[in-house]
Amino acid sequence: MKDDWRKYLGLRAPRYTSYPSALHFDAQVTDEDYASRLGEVSLYEPLSLYFHIPFCKRLCWYCGCNMRVENDYARAVRYVDALRREVDLVGKKLNGAGRPRSIHFGGGTPNFLKVDEIGRILEAVELSLGLTDSTRLAIELDPRLIRDNDIARLVALGFNRISLGVQDFDPEVQAAINRVQSFDLVEAAVGEMRRYGVDDLSFDLLYGLPKQTVASFAATLAKTIALSPDRVAIFGYAHLPAQLPRQRLIDDALLPPEALRADLSILGDEMLVAAGYVRVGFDHYAKPDNPLARAAIEGRLRRNFQGFTDDPAETTIGFGASSISFVGEIYAQNAKTLADYYSRIDQRRLATERGLLLSPRERVVAATIRDLLCRGRADIRPLLRALAPTEANRICANLDRFEEDGVICWEGDSVALAPGARTLARAVAMALDPYEAAIGRKAAPRLAHAV
Amino acid sequence: MSTQAQNKDQGCHAPDRPATCDVCEVRGRSICADLGPREFAHVEKTMARRHVSRNKSLMIEGEPNESLYVVVAGSFRLSKMLEDGRRQVTGFLFKGDFAGVRSTDASAYSAEALEDSLVCFFPHRYLEEIAADAPGVKDRLIARGQTEYHKAQDHIVLLGKKTAEERVISFIDLIGRQIGADDKDGNRVVPLPMPRQDIADYLGLRLETLSRTLTALREDGRITDVSRHSVTIPADCVSA
């Protein structure tokens, strides 16, 4: 990392898994708006479905997800019943339109649910929305909760993309985040998946965790590379104790300083690239023959709520508490608490609580930021035309500063990230975002570190 | 009827001009029935017939199409590629059905033969030329047959059904009506010329669910004689 770039390290930037981010959602979008957009979906429109499973067995102190520790499995069954009713409600609105092409189970911990319950959710999807053998099924698994035969049964249901929450293999780091899982456990899970033919296996790693050092993270990366997952995502830990009380359990003094954070991020990049992985976006890596790597190489990469993806579907339908849908230019987010979610679903209403209707201008910003993050370059003419002159001038001034520091270069009217500046992509995206504070000042700490 | 010509593009045989349309099996049923003798003479001059072997394409998505086709014998699968590169079966064409209702630089779907089939085709260019003499000839040609637009309508109705059994039984019934089921002692034998995987894809079901549903329907006696290429709807289950 160039010294001139270090000043961007303390910058906090949105993750831009959507634009505008969920922080901008408000109560103006209602369940009726969501229903009417569902009614306009066309017959063969590809749909990407997301199921949020907000339960975990134990609390991981770093977690920023909407989840709760649950010990009573009956409550999970109750939740699955509500999900099935929600699927049915959405199916009635779609009335045969739209084709589910991929389904992602995220959390929380999707495998808090037994495979029988996951099967019941898929059954509801098949009857209300349609499900074929070519629909891609993906699930996030906590390796500590994988039961006997789970992998075989998930594969039999059609799951072919599995991502394991690994975070870090170092026992001291694991203790400091309250997620203790041995290397042997993960290795056994990987072996079982490979035996059953799972050929798209992903690891999630985190840098910026308490007690991480260059040596410990290098060991984690070496173990990761030894297990040879098809994809690796390396996310920066976002420490936001003011918003997320559970993160107060992490001792601030143990967190790596900003310079070390950057070093860890660079180390991850170097080791994975040296091991033959292709860079995908700013935080994903994939083997060259993996569909995600091919999408990146062929310029088909997209960004959705799960991060970088090769899923081409524009329309996303989220099910479960707090999940977000994007249909016909609106974002619609379900009620966040289980009580509110159940109360809507029990009244046979869609559970939309908040959302946002994209304005034509926001659509332009969204497309510009997506191009920058997914392709490393973006034509900014449409953006400058869509904005008021003062905003356009400010964005140009922001970009001038990035250019002086060599973070970006101009290719005609396009801004391109300089080689090696990929990790600063979110900081540059923020410079293009009229909602964000001017570069140079530190934005509100509700946002995660940009690196 | 014809001398076999050399294999041409997409495995279709070169067009033959039928000696006469009098022998056409589907003429009275749907295709040319509404044409007056003078118009008919025009149409007969501009149309030709083509054999399409099983698994060969009549139309290819994204490629130009300049003819209106009518299926004289056999059957076709209509499909389109979704953005993720996977195929979606969007319908089936049977005897008397039309494809290629408009001329286009890029066909919105593909049509592949499920069995050795025969089509008549009418170049749109000629149909327009004779429009002066025979106003509305194209509309009347297709007035009785089903087109790709009707197929889309059928599809959304089927996909809107909420149980696998309803979807499967409605599909068999639909195919029976379109293909013309053989009547055996009041039992309707419905041919299913398409592979099970195509039916599953079309109905938005997993193959295993389709098989399970067919078994359940047979156990209930709502269908009998389930074979690879046909099912029978017993007389007491034949719906209106």
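**Stop 1: a strand pair in chain B**

Select Arg49(B) and look across to β8(B): the bridge partner waiting there is Cys120(B). Keep in mind as you explore that this is a predicted model.

Now widen the selection to β1(B) and β8, residues 117–123 of chain B: the two strands run antiparallel and are joined by 5 bridges. Strands of a sheet pair through backbone hydrogen bonds, either parallel or antiparallel.

Next, show the whole sheet. It is an open sheet of 4 strands in chain B, in the order β1-β8-β3-β6, and the pairing is antiparallel. Its edge strands are β1 (48–52) and β6 (98–99) of chain B, each pairing on one side only.

**Stop 2: helix α3 of chain A**

Select residues 115–128 of chain A, which form helix α3. How far apart should its ends be? At 1.5 Å a residue, its 14 residues should span 20 Å, and the end C-alpha atoms are 20 Å apart, so the two agree.

Colour the buried residues of α3(A), among them Ile118(A), Ile121(A), Leu122(A) and Val125(A). The buried residues of this helix pack against several elements of chain A, including β1 (46–53) and α2 (73–94), and also against α5 (164–179) and α7 (207–219) of chain B.

**Stop 3: where the chains meet**

Finally, show both sides of the contact: 17 residues come from chain A and 22 residues from chain B. On the chain A side, β4 and α3 are the elements that give two or more residues. α3(A) gives the most, with 3 residues. By type, the chain A side divides into 7 nonpolar, 6 polar and 4 charged residues.

Conventions: Residues are numbered from 1 along each chain as its sequence is written. Chains are lettered from A and ligands numbered from 1 in the order in which they are written. This is a predicted model: local features need pLDDT of at least 70, side-chain atom pairs count only at pLDDT 80 or more; totals for chains, interfaces and linings use all residues. The expected span of a helix is 1.5 Å times one less than its number of residues. A residue is buried if 20 or more other C-beta atoms lie within 10 Å of its own, exposed if 12 or fewer, and partly exposed in between; C-beta atoms are placed from the backbone. Two residues are in contact if their C-beta atoms, placed from the backbone, lie within 7 Å. Ala, Val, Leu, Ile, Met, Phe, Trp, Tyr, Cys and Pro count as nonpolar, Asp, Glu, Lys and Arg as charged, and the others, Gly among them, as polar. Two strands pair if DSSP finds at least two bridges between them.
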